[in-house]
Amino acid sequence: MYSRIAGTGKYLPERILTNAELEGMVDTTDEWIRTRTGIERRHIAAEGEYTSDLALHASRQAIEDAQLTPADIDLIVVGTTTPDLVFPNVACLVQQKLGVPPVPAFSLEAACSGFVYALGVADQFVRGGQAKRALVIGAETMSRIVDWSDRETCVLFGDGAGAVVLEATDEPGVIYSNLGADGNQADLLYAASGVSRKASQTDGFGMLRMKGNEVFRFAVKTLERMVDEVIAENGLEKGEIDWLVPHQANIRIIQATAKRLGMSMDRVILTVQDHGNTSAASVPMALDSAIRDGRIKRGDLLLLEAFGGGFTWGASLIRY
Ligand code: COA
């Protein structure tokens with residue numbers, strides 16, 4: 001038993017925040033943001049619009065694309081680091097809003113790797129026979145934890161949601177997942193808010209904090225090691241992967257990973273310019289974009305990868 005991608009969807013909130021607008025908010029320039037990150041704009045959730053609302057739009061699309069109805073879904077897994085509430089978890093909120101019957105529904109927190117982790121977990125449920133049609137979501141409202149006075153981080157992040165429906169099949173599908181984490185580097189990237197541990201004034205009242213330069217170096221090194229493992233453990237030749245669907249944090253990190261894989265940038269799905277770093281939402285949104293515009297076709301071999309706070313990282317090798 002394997003799982004395959006039966007449908008995809010995505011949602012970006014209506015409000016667009018451009019680099020030019022950021023020039024009026026912090027000491028930055030459009031040119032700096034474009035050349036250092038590749039980002040041109042990001043979307044910001046409206047007041048009263050929450051992570052589960054973004055996830056709901058993406059999920060409806062994915063379920064429709066799979067030619068199913070919410071009643072067919074028998075598992076919901078959400079990767080998010082910006083849940084609406086402490087509980088109920090975002091998956092339960094989506095379940096209620098979609099009208100999915102009582103099935104297992106949970107969220108997991110792995111920051112920007114959240115979707116790849118969620119996909120790996122849902123795939124195990126399907127392989128184990130515990131689910132036949134899983135809804136897997138990456139959804140975030142990063143704008144709610146960004147410190148809008150910190151130019152080193154506020155230019156990078158945005159809001160969005162992406163979703164896929166995984167369906168049980170007898171041919172892969174999801175071929176292989178590679179998940180990893182290293183909690184020793186927690187102080188390089190974190191959001192100092194919590195329930196058990198309250199944010200202090202010096203922590204910045206729960207805002208996202210990052211030592212960008214060090215995160216950059218660690219991300220490049222880790223992703224290079226991980227894609228080497230994917231290639232080796234699956235007996236692949238470098239040219240065999242049709243599309244790289246990377247986490248969209250910084251175009252320079254993506255270029256480094258593509259180079260390591262010997263892939264030209266025209267085989268890489270790049271959406272960072274349109275929405276910045278949307279954390280767990282970025283991989284499923286990029287996937288959906290490239291399927292809908294016809295670049296990714298049935299039968300193509302895809303490598304999804306992500307790196308994020310924790311640190312966490314993950315890859316998924318998929319025959320679409
Ligand atoms: N506008 C203008 N200047 C800025 C700026 C901004 N928004 N943010 C930082 N700078 C300045 C810095 O203060 C620094 O100035 P200095 O040289 O006078 O000290 C200079 O730009 C270079 O900063 P540096 O941090 O070395 O830049 P960088 O090339 O590493 O790029 C990031 C910064 C954040 C874009 C990059 O480090 C990055 O993408 N890191 C990883 C981010 C990430 O992926 N995080 C999430 C993991 S999923």
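A polar side-chain atom of arginine 252 lies 3.1 Å from an oxygen atom of the ligand. This is a polar contact, that is, a pair of N or O atoms within 3.5 Å; within protein, one must be able to donate a hydrogen and the other to accept it, and residues adjacent in sequence count only if both atoms are side-chain atoms. Arginine 36 has a side-chain N or O atom 2.7 Å from a ligand oxygen, and a polar backbone atom of arginine 151 is 2.9 Å from a nitrogen atom of the ligand. Of the 950 Å² that the ligand exposes when taken alone, the protein buries 75% (accessible areas come from the Shrake-Rupley method with a 1.4 Å probe; for residues, only the protein chains shown count as cover).

The model is predicted: local features need pLDDT of at least 70 and side-chain atom pairs count only at pLDDT 80 or more, while totals for chains, interfaces and linings use all residues. Residues are numbered from 1 along each chain as its sequence is written, and side-chain values use heavy atoms, with hydrogens and water left out.

The shell around the ligand holds 24 residues, and the closest are Thr28, Arg36, Arg151, Asn213 and Asn250; a residue is near the ligand if one of its heavy atoms lies within 4 Å of it. By class, eleven of the shell residues are nonpolar, eight polar and five charged. Here Ala, Val, Leu, Ile, Met, Phe, Trp, Tyr, Cys and Pro count as nonpolar, Asp, Glu, Lys and Arg as charged, and the others, Gly among them, as polar. At least two shell residues each come from α2 (30–37), α6 (151–154), α7 (212–233), α8 (251–260) and β12 (301–308). Helices (H or I, at least four residues) and strands (E, at least two) are DSSP runs, numbered from the N terminus. The most is given by α7, with four residues.

Which residues have the most contacts inside the largest nonpolar core? They are Ile241, Leu244, Leu261, Leu303, Phe307, Phe311 and Leu317, in a core of 45 residues. Such a core is a set of buried Ala, Val, Leu, Ile, Met, Phe, Trp, Tyr and Cys residues joined through side-chain atoms within 4.5 Å. Two or more residues of this core come from each of α7, α8, β12 and β13 (312–319), and α7 gives the largest share, nine residues. Apart from this core lies another, of 32 residues, among them Tyr117, Ala134, Val164 and Leu302.

Isoleucine 241 touches Ile231, Leu236, Leu261, Met263, Leu301, Leu302 and Leu303, not counting residues up to four places away in sequence; contact means heavy atoms within 4.5 Å. Between isoleucine 241 and glycine 308 there are 67 residues in sequence and 23 Å in space, C-alpha to C-alpha. Glycine 308 is found in strand β12 and counts as buried because its relative accessibility is 1%, where buried means under 20% relative accessible area, exposed over 50%, and partly exposed in between (1.4 Å probe, protein chains only). With residues up to four places away left out, glycine 308 touches Ala111, Cys112, Ser113 and Leu189.

Strand β3 (residues 41–44) contains histidine 43, which is buried, with a relative accessible area of 9%. The side chain of histidine 43 reaches the backbone oxygen of proline 13 at 2.5 Å. Outside four places in sequence, the contacts of histidine 43 include Leu12, Pro13, Asp159 and His275.
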